[in-house]
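User: I would like a close look at one part of this model, with the cut-offs stated as you go along.

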Amino acid sequence: MGPGPSGVPKRVLAAMARPTIGHLDPEFILFMDSMKQLLQRTFLCEYGLTIPVSGPGTVGMESCVVNLLEPGDTIVVCINGFFGERLAIMAERCGAKVVRVHETWGRAIDPDKVDAALRAAPKAKVLAFVQAETSTGVLSDAKALARLAREHDCLSLVDAVTSIGGTPLRVGAWDIDVVYAGTQKCLSAPPGLSPVTVNDRAMAMIKERKHPVQSWFMDFRLLQGYWGMSTRRSYHHTAPINALYGLHEALLMLHEESLELAWVRHRRHHNALRAGLKVLGLELVVPAQERLPQLNVVKVPQGIEEAKTRDWLLKVRGLEIGGGLGALAGKVWRIGLMGHSCRSRTIEVCLRALAEVVDDPRKGRVALRAAMDEL
């Protein structure tokens with residue numbers, strides 16, 4: 001129940017154990033087309049370049065940044081946690097001018113601040129932000145921020161690593177240009193792949209670059225040739241075949257449940273966990289209207305040693321939760337309810353263990369009843 005990776009279902013692990021075939025095998029080419037279609041259904045868009053980049057979410061982040069930015073470009077980056085700052089640092093390494101829009105850690109990005117920053121930087125090429133900030137458990141308004149990008153005639157770049165599959169994200173309807181995600185959170189696949197989707201507007205700008213993309217491996221134009229819709233593909237790299245098997249199976253499971261019901265499940269189980277934590281006297285950091293259902297950030301009670309408690313939970317109770325990052329290090333626990341781990345059984349284990357932490361096991365039973373009432 002940490003900030004990721006989440007638990008992986010046996011069905012996904014079994015899929016990964018299938019025999020490995022060649023990355024240019026005709027059967028694998030058909031499989032690639034099926035993968036693209038499943039990812040388009042997951043992003044809720046029909047963008048031509050919708051692929052799983054070979055590498056974790058950070059590779060997805062960097063591949064988007066290096067394709068969109070050239071030296072001298074201006075990018076506005078929203079920062080309300082650890083991963084927004086990482087976006088800004090990557091952009092600086094591309095030689096871009098970075099305009100940072102800071103928000104308090106634990107709060108959603110304020111669209112008014114973003115609007116002001118875009119007005120002050122009229123030549124901005126990209127507006128980048130994290131929809132679901134894993135470091136703080138905050139959900140920002142992706143629809144409103146993407147609309148601002150369009151109003152100011154710049155591309156929107158969205159980090160959906162923790163939101164994809166767990167929180168509403170309607171890429172096509174919200175007219176978002178570029179999105180990268182991760183497999184190891186609400187999709188319930190192992191880490192190692194980063195789904196990415198890029199619309200025609202962004203691809204046109206990439207093709208008009210004055211300088212080559214600084215990373216050959218991450219060049220979307222080259223990857224487009226490998227993941228094209230025809231049976232004739234240009235060799236780019238040896239795809240991680242078995243990891244792709246796992247992601248494909250995880251996406252099948254997601255859509256068997258339905259994307260919308262998965263969003264509802266994450267919200268319902270968040271409400272259950274919140275009710276139980278309240279009984280235990282544990283307080284969530286983020287205001288209710290800005291909370292990310294799949295990542296719950298809890299204030300560490302006074303007198304309890306944060307790191308030692310997590311170590312005890314893992315070694316004695318078999319429960320993994322995360323600690324704080326950056327400004328929240330040592331002050332919070334990050335409790336994940338993601339994908340396959342978003343179940344009543346994990347909530348039960350968590351609340352019983354935390355009742356021991358606050359030294360009142362009897363409250364565990366009351367907390368569990370409060371949680372189950374929400375389900």
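This is a predicted model: local features need pLDDT of at least 70, side-chain atom pairs count only at pLDDT 80 or more; totals for chains, interfaces and linings use all residues.

Analyst: Residues are numbered from 1 along each chain as its sequence is written, and side-chain values use heavy atoms, with hydrogens and water left out.

The search of the whole structure finds one cavity of 30 Å³ or more, a cavity being a set of points, on a 1 Å grid over the protein atoms alone, where a 1.4 Å probe fits but cannot get out. The volume of the largest cavity is about 40 Å³, where grid points are joined across faces, edges and corners and the volume is the space filled by probe spheres set on the points. Its lining, meaning residues with an atom within 4 Å of a point, consists of Thr136, Gly137, His270, Leu284, Val285, Val286, Arg291, Leu292, Leu295, Asn296 and Val297.

Strands here are DSSP runs of E with at least two residues, helices are runs of H or I with at least four residues, and both are numbered from the N terminus. β10 belongs to an open sheet of three strands in the order β10-β12-β11, with antiparallel pairing, where two strands pair if DSSP finds at least two bridges between them. The edge strands, β10 (295–299) and β11 (322–323), each pair on one side only. Strands of a sheet pair through backbone hydrogen bonds, either parallel or antiparallel.

Between β10 and β12 (residues 332–336), which run antiparallel, there are five bridges; leucine 295, one of the residues lining the cavity, has glycine 336 in β12 as its bridge partner. Helix α11 (residues 306–317) lies across β11 and β12 and runs at about 35 degrees to β12; the axes behind that angle are lines fitted to C-alpha atoms, for helices over the stretch in contact (heavy atoms within 4.5 Å), and angles run from 0 to 180 degrees between N-to-C directions.

Terms used. On a 1 Å grid over the protein atoms alone, a cavity is a set of points where a 1.4 Å probe fits but cannot get out, and a pocket is an open set with protein on both sides within 12 Å along at least five of seven lines; lining residues have an atom within 4 Å of a point.
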